[in-house]
Amino acid sequence: ISFSLQFEEDYFNVLKMIKQSGIPLKRKDRSENDPLIIAGGPCATANPMPLSDYIDVFVIGEGEVTINKFLDIYLENKNLDNFLDMDGIYIPKFNNNAKIALIDDMKNAYHITQPIITKTDKEDYKTVFSDSIMLNVSRGCTRGCRFCMSSYLYRPLRETTIKELVNIALKTRENTNLNKITLIGAAVGDYYDLEGLTKALESEGFQIATPSLRIDSLSRETLETLKKSGLKSITIAPESISTLRERINKSISDEKIFSVIKNAVDLDFNIKLYFLIGIPYESKEDIEELANYIEKIANMHKNRNYIKFSINPVIPKPQTPLQWEVYNFKEIKSKTRYLKKKLRKYNVKFESPKKGLIQYILSCGNREVGAVIEKSLTEEVTLKEWQSYLPNYNINDELPWSKIDIGIKSNFLKTEN
């Protein structure tokens, strides 16, 4: 039984599913007659420790490189000692050193052409992309934003060709009758010819969507092509004011941001913008400037309902330059309260500071965090108890995920910090 851990909050559901299936929850209590429990995905790759008492095997990196070879050997001989020298495999029982395994070319990536289609009238069962063909445009990102796990886990950038993407889209449409396409990748906006790709898909009659686009690669022409294909909304992430963007290595000028927003308004797009609070060395004055910045953007459209904002706390992530930072719950709560009051007449959604705290603990915690995840299955965990698991690392500490080698030297991350 295998799980893909895309978000830290998935951990609760993983343990819940194992428990409800009747399989012993902890790996030490399982026998040879129980299924092998495998987990992969970005969260498992960055820091497998919080679930290491519950998962038998973690796939570190991209599954295509590892999973078939692993299963072929496992079906012949179920002794996990056989996999200690295999790249891309971490086995908690042995706490072995594990080196990330990545595909070298997108030709070798698994592209879904026969997706599972959810057909239901119940909103709770509908997935975000249930009515969409997901096109794997690229993997990896060269930007190196200091808060972003994907910028560091999946280097280098690898891209699928336009010809291959169009063929995959046509084959998937033939199999599913779906006509809407969602472009997937950590850096879709950096695709070598995004305008050419959107035009090629549009010429085949596809409607195109994308979860988020890089601001500095969004030309007026690209926006016009996306609009023509039927796209109604765009999502961009300015993150913060100019000085704070520099600190997290996101060098986009205010001039470019406002130009993209103006073009999007002119083309009658719905616009969603993501911002961060809790950036290292962020001051009260910075938060006041951020409020004015958001207000200025909101007033660029005559109808405020067309521009929505999402403000989220920075969550320090493992394997990034911010992995040694703390999550200051008290400060995040105060900044959220101030911005809610200042921006109350605009369409702004705030992430819960408590939810951010829990996500931080799940992201950067050690093996002991598994106990509180397990406890949450049967009883309410208080904020005070969650706070007792807060990490507090110094820059020279050995980190819980030190056995995982993603190919980036710790000294480089220290320099970037």
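This report walks through the nonpolar cores and aromatic ring pairs of the structure above.

The model is predicted, so local features need pLDDT of at least 70, side-chain atom pairs count only at pLDDT 80 or more, and totals for chains, interfaces and linings use all residues. Residues are numbered from 1 along each chain as its sequence is written, and side-chain values use heavy atoms, leaving out hydrogens and water.

**Cores**

A nonpolar core is a set of buried Ala, Val, Leu, Ile, Met, Phe, Trp, Tyr and Cys residues joined through side-chain atoms within 4.5 Å; buried means under 20% relative accessible area with a 1.4 Å probe, protein chains only. The largest nonpolar core has 114 residues, and Leu183 and Leu201 touch the most other members. Helix α10 (residues 284-298) gives the largest share of this core, seven residues; helices are DSSP runs of H or I, at least four residues, and strands are runs of E, at least two, numbered from the N terminus. A second, separate core has eleven residues, including Val59 and Phe70.

**Aromatic rings**

Rings of Phe, Tyr and Trp (its six-membered ring) pair if their centres lie within 6.5 Å; planes under 30 degrees apart count as stacked, over 60 as edge-to-face and the rest as tilted. The count comes to ten aromatic pairs, and here are two of them.

| Pair | Centres | Planes | Class |
|---|---|---|---|
| Phe275 and Phe309 | 6.3 Å apart | 40° | tilted |
| Tyr327 and Tyr360 | 6.1 Å apart | 25° | stacked |

Phe275 lies in strand β12 (residues 270-277) and Phe309 in strand β13 (residues 307-313), 34 residues apart. Both Phe275 and Phe309 are buried. Together with Phe258 and Tyr293, they form one aromatic cluster.

Methods:
Buried < 20%, exposed > 50% of the residue type's maximum accessible area, 1.4 Å probe, protein only.
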